[in-house]
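Please look through the structure shown here, moving from one part of the chain to the next while reading the paragraphs that follow.

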Amino acid sequence: MATKDLGIRFTEEKYATKSEVSKDLGISLVDNIWSNILSYRSQFNRSLSIRSIEGNKITFCFCNRVKDLISQLDLKLMRVMSEGTNCLNSYYGTQFKNSSYIDCLSSLAKENKLDVNESYLRSVVSGELKDATQSYKILINYFNALRFIEENYTNNIDEDFLAELYSRLLGTNELVSFYRITEDRSKDNRVLIDRIYTSAPVSSIEPLMNLLFEFIGDTSLSLISKAIITYFYINYIKPFPSFNDEIAVL
């Protein structure tokens, strides 16, 4: 199969990672093929203002497949926002909002392997459940973080805003620390995977996060594009001692 055909196949038909390319082709050494795929993708790359841990520019590949998926999500979001605004303060608006909260908490419970039913989640959303065992407190704390966003959605996303979110996830009114102050000791995150770091050194966290705040505030990218990139970047840096994925989602 021609190099260009593989570039199209693993970019436009399926946006694949290097390991997925290796698995799909049934061969272990795909370095040359992967280089050619990256070369094909490079024509669609757009440089971003955020930087890698090593200080290199980060690019976003706006190939046709990615653009189509983002456009579809943008349209869905616009439709939900338009229809939601019209009934926000009505009975149906409240029902929709509560249902959305329950969907969020259900996903979180599944991710944390918590055995809950819809009735339990409704008690969290209604405020009837004020306390829970340690492992289940994340549901209450996450809901409080969602409510904070709802009440402060016009605020700038900056260090202060994330500190407020993080304190709610921890269930505390006062943060002893905010960004991670010790190096990541996870074996998975300390190694290099394909020569890419999977967590930032402590000394790099604050400057990298400042770049992210500038990116969120100044970029001309669509809301969905910024959300995707922000989610990736927080999980890439892992700036917090815990709940990095939850903060990224929020």
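Lys-238 is found in the loop between helix α11, which covers residues 223–237, and helix α12, which covers residues 244–249. In this model, which is predicted, Lys-238 has a positive phi of about 55° although it is not a glycine. This deserves a second look, because most residues other than glycine have a negative phi. Lys-238 has a relative accessible area of 19%, and because the cut-off for buried is under 20%, Lys-238 counts as buried. Phe-243 is also found in the loop between α11 and α12, and its phi, near 60°, is likewise a positive value in a residue other than glycine. With a relative accessibility of 25%, however, Phe-243 counts as partly exposed.

The chain has 12 helices and four strands, and along its principal axes the C-alpha trace spans about 60 × 45 × 40 Å. Of the 250 residues of the chain, 37% count as buried.

Two of the strands can be followed in some detail. Strand β1, made of residues 45–51, pairs with strand β2, made of residues 57–61, in the antiparallel sense and over four bridges. Within this pairing, Asn-45 stands opposite Cys-61 in β2, while Arg-46 stands opposite Phe-60 in β2. The two strands form a hairpin with five residues between them, and in the turn of that hairpin Gly-55 has a positive phi of about 95°.

The structure holds 12 aromatic pairs. Tyr-120 lies in helix α6, which runs over residues 118–126, whereas Tyr-136 lies in the loop between α6 and α7, the latter covering residues 137–151, so the pair ties together parts that are 16 residues apart in sequence. Tyr-120 itself, at 24% relative accessibility, counts as partly exposed.

Tyr-166 and Phe-178 form an aromatic pair that is edge-to-face, with 6.3 Å from centre to centre and 65° between the planes. Tyr-166 is buried, with a relative accessible area of 2%, and Phe-178, at 13% relative accessibility, counts as buried. These two residues belong to one aromatic cluster, which is formed by Tyr-166, Phe-178, Tyr-179 and Phe-240. A ring can also have a charge placed over it, and here the charged end of Arg-41 sits over the ring of Tyr-15, 3.9 Å from the centre of that ring.

The helices named above can now be compared by their directions. The axes of α6 and α7 come within 10 Å and cross at roughly 45°, and these two helices are therefore oblique to each other. Their crossing is right-handed. How are α7 and α8 placed relative to each other, roughly parallel or roughly antiparallel? The axes of α7 and α8 come within 7 Å and cross at roughly 155°, and because angles over 145 degrees count as roughly antiparallel, α7 is roughly antiparallel to α8. In this case, too, α7 passes α8 in a right-handed crossing.

The walk ends in helix α1, which covers residues 3–13 and in which Asp-5 lies. With a relative accessible area of 40%, Asp-5 is partly exposed. The C-alpha atoms of Asp-5 and Ala-16, two residues that are 11 residues apart along the chain, are separated by 14 Å.

Technical notes:
Residues are numbered from 1 along each chain as its sequence is written. This is a predicted model: local features need pLDDT of at least 70, side-chain atom pairs count only at pLDDT 80 or more; totals for chains, interfaces and linings use all residues. Side-chain values use heavy atoms; hydrogens and water are left out. Two strands pair if DSSP finds at least two bridges between them. Rings of Phe, Tyr and Trp (its six-membered ring) pair if their centres lie within 6.5 Å; planes under 30 degrees apart count as stacked, over 60 as edge-to-face and the rest as tilted. Buried means under 20% relative accessible area, exposed over 50%, partly exposed in between (1.4 Å probe, protein chains only). A charge sits over a ring if NZ of Lys or CZ of Arg is within 6 Å of the ring centre and within 35 degrees of the ring normal. Axes are lines fitted to C-alpha atoms, for helices over the stretch in contact, and angles run from 0 to 180 degrees between N-to-C directions. Angles under 35 degrees count as roughly parallel, over 145 as roughly antiparallel, 65 to 115 as roughly perpendicular and the rest as oblique. A crossing is left-handed if the near helix is turned anticlockwise from the far one by less than a right angle, and right-handed if clockwise.
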